[in-house]
Amino acid sequence: MIMQNARFPSRRDVLSEAAAALAMSSVIAGAISQTEAATAAPKVQFPPAGTTDCHVHVFEPDRFPFAEPRTYTPGAASVTDLQSFRRGLGVDRLVLVQPSVYGDDDRCLLNGLRELGPGISRGIAVIDPDRIRDADLTKLTQGGVVGVRVNLNVKGEERAAAAVAAVAKTMARVARPGLAVQIYVDLPLVEPLAETITASPVPVILDHFAGAKAALGPEQPGFATLLRLLDTGKVWVKLSAAYRASQRAPDYDDVAVLARTLIAANPERLIWASDWPHTGGGAERRERKPGEIEPFRQVDDAHLLSLLSSWTDDASIARKILVDNPARLYGF
C-alpha cells in the first residue's frame with residue numbers, strides 16, 4: 001500500500017545532494033592536504049638568514065682618488081651599488097676589503113663602513129706596519145675594521161723570505177689591538193708561511209681558496225700543508241672567487257674537488273665570499289695600461305653562491321660557512 005503523503009526525490013533534489021556531497025569531499029580533501037603540508041619538513045632557506053659575504057670592494061674614485069702608482073684602474077662601484085648587490089643576492093652582512101688600488105689610504109673603506117653601518121658591515125684595511133701609529137689603528141678599529149690585509153699576490157711576490165717578513169711584521173704590529181691578518185698569496189707560499197701562521201697571535205685568513213689552482217687538484221704543492229693548518233684551527237680559508245682558481249666556468253667542477261676536501265678537513269674554519277665587483281687580472285691586465293679602466297668580470301653571483309650547496313649536502317655545514325663562522329671571526 002502506497003502512503004498518500006510519501007514524496008519521492010525529484011531530479012533537482014538528487015543533483016543538489018550530489019553537489020553538496022562533492023563540495024564536502026573537497027573541503028575534507030583540502031583539510032587533509034593542509035594537515036599534510038603542516039606536518040611536512042619545512043623548506044630550507046638558502047641562503048640562510050645572517051649570511052655574510054666576506055669579501056667585497058668599494059671603488060669611488062670621484063670622492064677617493066686611487067693611489068699612484070697602481071697595477072690597474074677599476075671602474076666605479078659605490079656603496080649604493082653594493083647595497084643593491086647585497087639585497088639582490090639575499091645576504092645580510094658584508095666584509096669590505098681594502099683593494100690594492102687604494103694602497104694604505106683607507107678613507108674609502110672607512111666611508112663605506114660608516115654608510116653601511118655596524119649592523120651589517122666589517123672592514124679589512126691595509127696598513128704600512130712601519131709607519132702606522134697607535135692612534136691610526138685605534139681610528140680603524142673604531143670605524144669597524146677588524147683585520148688588515150697583506151696582498152702579496154697583486155705585487156707578484158714569489159720570494160718566500162720576503163713573504164714571511166711582510167706577514168710577520170704585520171702580525172706583530174696588529175697583535176695589541178688583536179686585528180686579524182688576511183693574506184693573499186699563491187698556494188706554494190703557504191708552505192714557507194706555515195710556521196709564521198701557526199705562531200700568529202691573531203687570526204689568519206687566506207683569500208680565495210688560499211691561492212690554489214683547481215686544475216692541479218689536491219696534490220698540488222702546498223695543499224697538504226694547508227690541510228694541516230686547517231686541522232690545527234690556526235687559519236681560516238675563504239671559499240671565494242672560484243673564477244680565480246679555475247677556468248671551467250660556470251660550474252667550476254674542478255674547484256668542487258678542492259672545496260669538498262677543505263670542508264672535510266675542517267668546516268669550522270671556512271667562510272664564503274663573492275669577491276664583488278669582480279676585478280680582472282691575468283694576461284688581460286698585463287696587456288692593459290695601468291691608467292686604462294679595466295672592466296669588471298661578468299659573473300653570475302647567485303650561481304656562485306648556489307655552488308656551495310653542491311659542495312656539501314649538509315645544510316648545517318652550509319650554515320656554518322655562511323653564517324656562524326663569519327659571525328665568530330668578524331664579531332657580528
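In these legends Ala, Val, Leu, Ile, Met, Phe, Trp, Tyr, Cys and Pro count as nonpolar, Asp, Glu, Lys and Arg as charged, and the others, Gly among them, as polar. The structure is a predicted model, in which local features need pLDDT of at least 70 and side-chain atom pairs count only at pLDDT 80 or more, while totals for chains, interfaces and linings use all residues. Residues are numbered from 1 along each chain as its sequence is written, and side-chain values use heavy atoms, with hydrogens and water left out.

View 1. Rolling a probe the size of a water molecule over the atoms shows where empty space is left. On a 1 Å grid over the protein atoms alone, a cavity is a set of points where a 1.4 Å probe fits but cannot get out, whereas a pocket is an open set with protein on both sides within 12 Å along at least five of seven lines; lining residues have an atom within 4 Å of a point. Grid points are joined across faces, edges and corners, and a volume is the space filled by probe spheres set on the points. Three cavities of 30 Å³ or more are found in the whole structure, and the largest cavity holds about 60 Å³ of space. Its lining is made by Phe209, Leu239, Ser240, Ala241, Ala242, Trp272, Ala273, Ser274, Leu304 and Trp311. Two or more of these residues come from each of strand E8 (236-240), strand E9 (270-273) and helix H11 (301-311), where helices (H or I, at least four residues) and strands (E, at least two) are DSSP runs, numbered from the N terminus. By residue class, the lining of the largest cavity has eight nonpolar, two polar and no charged residues.

**View 2. The largest pocket.** The largest pocket has a volume of about 890 Å³ and is lined by 37 residues, of which Asn153, Tyr184, Arg244, Gly281 and Gly282 lie nearest its centre. Strand E5 (145-151), helix H8 (242-245) and helix H10 (282-286) each supply at least two lining residues, and the largest share, four residues, comes from H10. The lining of the largest pocket divides into 11 nonpolar, 15 polar and 11 charged residues.

View 3. A salt bridge is a side-chain nitrogen of Lys or Arg within 4 Å of a carboxyl oxygen of Asp or Glu, and the whole structure contains 17 of them. Because arginine 63 lies in the loop between strand E1 (52-56) and strand E2 (73-74), and glutamate 115 in helix H3 (residues 107-116), the pair ties together parts that are 52 residues apart in sequence. Arginine 63 is partly exposed, with a relative accessible area of 45%; here buried means under 20% relative accessible area, exposed over 50%, and partly exposed in between (1.4 Å probe, protein chains only).

**View 4. The salt bridge between aspartate 130 and lysine 169.** The closest N and O atoms of aspartate 130 and lysine 169 are 3.4 Å apart. Aspartate 130 lies in the loop between strand E4 (121-125) and helix H4 (134-142), and lysine 169 in helix H5 (residues 160-174), so the pair ties together parts that are 39 residues apart in sequence. Aspartate 130 is exposed, with a relative accessible area of 57%, whereas lysine 169 is partly exposed at 41%.
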